[in-house]
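Have the model open as you read.

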Amino acid sequence: MLEVTSLTASYGAVRALKGISLTVAEGEIVTLVGANGAGKTTTLRTLSGLLHPSQGTITLDGHRIDRMNPEKIVRLGVSHVPEGRRVFPGLTVMDNLQLGTVGRARPGRQSILDDLERTFTLFPVLKEMQNRMGWMLSGGQQQMLAIGRGMMARPRLLLLDEPSLGLAPVLVQQVFKTIREINAEGTAILLVEQNAFMALRTASRGYVLETGRIVLEDQAATLLDDERMRRAYLGAKIDA
């Protein structure tokens with residue numbers, strides 16, 4: 001589904017990505033792990049069109065998307081749930097969810113209602129709190145809302161950036177359970193996650209980023225047992 005080839009991206013004079021290549025197949029969960037500043041968030045921002053690469057290509061179903069704007073990329077089936085949730089605090093839960101449909105081509109009322117019901121099945125607490133303002137939700141509830149809003153775009157590929165950040169362990173388990181449920185329904189997921197071991201237990205394959213370069217890639221189960229992966233997770237340098 002998604003193929004990234006020799007991707008380079010920069011913030012001004014600072015190169016954040018240095019020629020990375022990766023793939024995500026239909027219905028697959030793939031994770032990107034690495035230390036803070038490794039380039040994980042930049043990768044997702046580039047894939048969703050928020051940052052244009054300086055070199056390399058991104059293709060979705062064989063068609064290049066690396067110069068498209070974010071709105072068009074959403075319409076093609078890619079939804080980005082950013083780090084920090086980015087819930088609109090001055091809007092209700094329902095308003096936030098409905099904003100997730102903006103990128104779709106004229107969704108009908110029944111279609112939106114069906115998607116809301118699907119979201120409420122995944123996150124029952126959101127149905128109970130649908131008329132509350134975004135700022136009234138706990139951190140865990142805001143994360144559920146952010147994922148639910150992303151799913152309202154009906155993505156074929158969901159980009160998740162640090163979904164467990166700042167959550168209590170019991171909520172982390174709940175969020176990852178939902179990620180697996182979303183994937184079981186057919187949505188491919190590219191997951192950026194600080195909790196490397198949780199991410200690799202959830203994904204089928206993984207890539208390890210270090211200072212803008214991919215230094216390890218393998219099946220998730222293999223990476224979990226890899227000593228270099230363990231050293232990377234603990235902050236030690238990996239020998240590429």
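## Strand pairing around β8

Let's start with a pairing: strand β7 (residues 157-161) and β8 run parallel and are joined by five bridges. Strands and helices here are DSSP runs (E, at least two residues, for strands; H or I, at least four residues, for helices), numbered from the N terminus, and two strands pair if DSSP finds at least two bridges between them. Within this pairing, Leu-158 has Ile-189 in β8 as its bridge partner.

Strand β3 (residues 29-33) also runs parallel to β8, with four bridges joining them. Here Ile-29 is the residue standing opposite Ile-189.

A word on provenance: this is a predicted model, where local features need pLDDT of at least 70, side-chain atom pairs count only at pLDDT 80 or more, and totals for chains, interfaces and linings use all residues. Residues are numbered from 1 along each chain as its sequence is written, and side-chain values use heavy atoms, leaving out hydrogens and water.

## How enclosed is β8?

Five of the five residues of β8 (residues 188-192) are buried, so the strand is largely enclosed by the rest of the structure. Buried means under 20% relative accessible area, exposed over 50%, and partly exposed in between, with a 1.4 Å probe and protein chains only. Ala-188, Leu-190 and Val-192 point one way from β8, while Ile-189 and Leu-191 point the other way.

On length, the 16 residues of α7 should span 22 Å at 1.5 Å a residue, and its end C-alpha atoms are 23 Å apart, which agrees; the expected span is 1.5 Å times one less than the number of residues.

Which residues of α7 are buried? They are Val-172, Val-175, Phe-176, Thr-178, Ile-179, Ile-182 and Asn-183. Just after the helix, Gly-186 takes a positive phi of about 115°.
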